[in-house]
Amino acid sequence: MTDPHTPPSPYASRVPVHEQELDGFGTVRVLPLDATADAAVIHGWVSEERAAFWGMNGLTRDQVAGIYAHMDTLDTHHAFLVVKDDAPVAVFQTYDPEADRVSECYDAEPGDIGVHLLLAPAGTEGARPGWTAALSGCLVAYVLLGLGRKRIVVDPDVGNEKAIARFLKQGFTPGPAVVLPEIDLPDVYLPEKKAQLAFLRREVAFPG
């Protein structure tokens, strides 16, 4: 029974693009990101030193909200807030590689989709064995099965050894190390980035 004194979750009424209940883990919901409502949570995550590779260190909450508000106007790039049992646990972004600078660095195939993932800090409970694998598996299912894509492309910074190791453990195949070119447009600026490409095909993630 729901405790009448417990305030409702701010995420309960939001419609997910994907929802999955994982035995022994909980219910994961992938929600379209609300640039205004989610700005405070996301700003707290991206401002931490551990999130330096996300590229938003030093930005204000309003600047972070502005970036995601701009992304919401695009048909090729999408941002999501991932919640587990109604607690926010990650920012997840998907994009069409053909509409991204990464397409200048590899031969894109039909059915490719690019992703970025920033996990929330572990919190007071510390390390959570198997937690990242379970969450990532749910997101892989969303893009490869839910969206019907054939291959995931990731481009972590070459210095982000933790992220690269995590992708390889998930079954990604390493690609080349590349230099993503600087983007300097009125609505967006991205500095040059040295990245390690990696790929995960649907038949590898979901054999048979």
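Me: What makes Arg29 and Asp86 a salt bridge?

Reply: The closest N and O atoms of Arg29 and Asp86 are 3.6 Å apart, and a salt bridge requires a side-chain nitrogen of Lys or Arg within 4 Å of a carboxyl oxygen of Asp or Glu, so the pair qualifies. Arg29 lies in strand β2 and Asp86 in the loop between β3 and β4, so the contact ties together parts 57 residues apart in sequence; strands (E, at least two residues) and helices (H or I, at least four) are DSSP runs, numbered from the N terminus. This is a predicted model, in which local features need pLDDT of at least 70 and side-chain atom pairs count only at pLDDT 80 or more, while totals for chains, interfaces and linings use all residues. Residues are numbered from 1 along each chain as its sequence is written, and side-chain values use heavy atoms, with hydrogens and water left out.

Me: Why is Arg29 called buried, and what is Asp86 called?

Reply: Buried means under 20% relative accessible area, exposed over 50%, and partly exposed in between (1.4 Å probe, protein chains only). Arg29 has 9% and is therefore buried, whereas Asp86, with 31%, is partly exposed.

Me: Which residues are linked in a network of salt bridges?

Reply: The network links Glu109, Asp112, Arg151 and Arg201. Within it, the side chains of Arg201 and Glu109 meet at 3.0 Å, N to O. Arg201 is partly exposed at 31%, and Glu109 is partly exposed at 32%.

Me: What makes a set of residues a nonpolar core, and which members of the largest one touch the most others?

Reply: A nonpolar core is a set of buried Ala, Val, Leu, Ile, Met, Phe, Trp, Tyr and Cys residues joined through side-chain atoms within 4.5 Å. The largest holds 29 residues, of which Val82, Phe92, Leu135, Val143 and Ile152 touch the most other members. Its largest share, 9 residues, comes from α3.
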